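User: I am new to this structure and would like a close look at a single part of it. Could you walk me through the main pocket and its surroundings?

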Amino acid sequence: MGDAYGLGGDLAMVRERRFALLLAARTVSVLGSGFAPIALAFGVLALPGARATTLSAVLAAQALPMVAFLLLGGVVADRMPRHRVMTAAESVNAAAHLCLAAMMLTKWAPLPRSWWRAPSAASPAPCCSRR
């Protein structure tokens, strides 16, 4: 009943060590990359005095280098072995997310204070002014 085109044939690939390691690594990477923006949003907004503009600045600071490195990454991926490129990219991604997690857990945000300070009482937001 275990023909090569059924589920048994697909699961047999997991018994191969190299494929199982690749599958596990990609699963962890995809899950981490999926949860990271959600954790980042909650972490930034939990900083003292943080507002929506703070989150906007952080997300822009995350997106701009990504766009720049996508172009460079395409050139590097065409000229280097796939295994090395993938290993290096995932290692840098993991290190960046670990550093970000450490910053959020210690509540240390290297942003200029003017970007994320609370609005002053002298100029309340229009939606929050009381009459």
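**A look at the pocket**

Analyst: Happy to! This is a predicted model, and its protein chain averages a pLDDT of 78, with 76% of the residues scoring at least 70.

Now to the pocket itself. The largest pocket has a volume of about 1,300 Å³. Its lining is made up of 35 residues, and Q62, M66, V92, N93 and A96 are the ones nearest the centre. Three helices, α2 (17–45), α3 (52–79) and α4 (82–106), each give at least two residues to this lining. Sorted by class, the lining of the largest pocket holds 28 nonpolar, six polar and one charged residues.

The axes of α2 and α4 lie 11 Å apart, at an angle of about 30°, and their crossing is left-handed. On the α2 side, L22, R26, S29, S33, A36, L40, G43 and V44 take part; they meet M86, E90, N93, H97, L100 and M104 of α4. By class, this contact has seven nonpolar, five polar and two charged residues.

How far can you trust the picture? Confidence is highest in α2, at a mean of 88, and lowest in helix α5 (residues 113–116), at 50. Over residues 118–131 pLDDT stays under 50, and the model has four contacts there beyond four places in sequence. Where pLDDT is low, predicted coordinates should not be read in detail.

Conventions. Residues numbered from 1 in each chain as written. Predicted model: local features only at pLDDT ≥ 70, side-chain atom pairs only at ≥ 80, totals over all residues. Heavy atoms only, no water. 1 Å grid on protein atoms, 1.4 Å probe; cavity = no way out; pocket = protein on both sides within 12 Å on 5 of 7 lines; lining within 4 Å. Points joined across faces, edges and corners; volume = space filled by probe spheres on them. Helix = DSSP H or I, 4+ residues; strand = E, 2+ residues; numbered from the N terminus. Nonpolar A, V, L, I, M, F, W, Y, C, P; charged D, E, K, R; others polar. pLDDT = per-residue confidence, 0-100. Contact = heavy atoms within 4.5 Å. Axes fitted to C-alpha atoms, helices over the stretch in contact; angles between N-to-C directions. Left-handed = near helix turned anticlockwise from the far one by under 90°.
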